[in-house]
Amino acid sequence: MKRILVCLILTLSPRTGAQAQTGLIAMPVEIGVSQRTGRPFTATEVTTLTQTLSEGTKITRTAEDRIARDGNGRFYKEQHLPWTHDARNPVYYVYIYDPMIKERIHLDPRRRLATQVPAEQMYTRDYKPNEDPAIRASRKGETVKTEKLGNQDIAGLYCWGRRTTRIVPQGAFGNDQPIEIVDEFWYSDELGLDVVRRHSDPRSGEQVSELHEVQRSEPAPEMFKVPQGYTIHPLSTRKTH
């Protein structure tokens, strides 16, 4: 299973968080989940986003989401976006992916809508931590330093860690000083997933995503189906590429 990338673009209040200082909207860095069969699990992903305003005020938002993979490799992921300001109307959706038939389902619980489409190539790509694009320079003059963090037990899983520090050169974003961006993760080879992922960027703040209450039992089959009462959009006939 690939690392899920959220492609939603939201408009935040111009007086809020990092956008007020830099114009950058922080997008959550997702827990990576690799393709596996015979390694089912369920867990709660707790994501905390902390932004520091120019005068020192800190804004902290936390979201909790269910995440699961069954023995056939089907994947389920909830997403509450942590920067949601109105708790009564959270931005929330559910993503389901079936690698056997290469189909993905997007659920919108607020409108009770389901979209089923063939998974394009970007969605079928397996997540392999050693191929993470964060470990490669992406801009001219950028430097990247990677360090291994050893091994430790986290949430009952034996994990290995890596930290990548990216130095963005002066002038890349109109910045008058270099910018240091740090990514760290702890990965379980046994289950094939990140157990902890940290991302720190002075333009957008710090994010920590952690798996809690990891269970290695088979998830309920109903998790990977469209719930009753949802309007289903028909499958697209567009070919994958």
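1. Leaving aside its neighbours within four places in sequence, D108 is in contact (heavy atoms within 4.5 Å) with Y92, L113 and Y230. D108 is found in strand 5, residues 103-108; strands here are DSSP runs of E, at least two residues, numbered from the N terminus. At 9% relative accessibility D108 counts as buried, where buried means under 20% relative accessible area with a 1.4 Å probe, protein chains only. Its side chain also reaches the backbone nitrogen of R110 at 3.1 Å.

2. A word on the source before going on. This is a predicted model, in which local features need pLDDT of at least 70 and side-chain atom pairs count only at pLDDT 80 or more, while totals for chains, interfaces and linings use all residues. Residues are numbered from 1 along each chain as its sequence is written, and side-chain values use heavy atoms, with hydrogens and water left out.

3. Now to the nonpolar cores, meaning sets of buried Ala, Val, Leu, Ile, Met, Phe, Trp, Tyr and Cys residues joined through side-chain atoms within 4.5 Å. The largest has 20 residues, and V33, F41, I67, L193, V195 and L211 are those with the most contacts inside it. At least two residues of this core come from each of strand 1 (41-52), strand 4 (92-98), strand 8 (157-168), strand 10 (193-201) and strand 11 (205-215). There is also a second, separate core of eleven residues, with Y92, V94, I96 and F224 among them.

4. L211 is worth a look in your viewer. Beyond its neighbours within four places in sequence, L211 is in contact with residues including I31, A43, I67, A155, L193 and V195.

5. What does R69 do without a salt bridge? R69 sits in strand 2, residues 58-69, and is buried, yet the nearest side chain of opposite charge (Lys and Arg count as positive, Asp and Glu as negative; His and the chain ends are not counted) is D70, 6.9 Å away. A salt bridge would need a side-chain nitrogen of Lys or Arg within 4 Å of a carboxyl oxygen of Asp or Glu. Instead, the R69 side chain reaches the backbone oxygen of R39 at 2.8 Å and that of L191 at 2.6 Å.

6. Finally, L53 lies in the loop between strand 1 and strand 2. L53 is buried, with a relative accessible area of 15%.

Note on methods: Buried < 20%, exposed > 50% of the residue type's maximum accessible area, 1.4 Å probe, protein only. Helix = DSSP H or I, 4+ residues; strand = E, 2+ residues; numbered from the N terminus. Polar contact = N/O pair within 3.5 Å; in protein donor to acceptor, adjacent residues only side chain to side chain.
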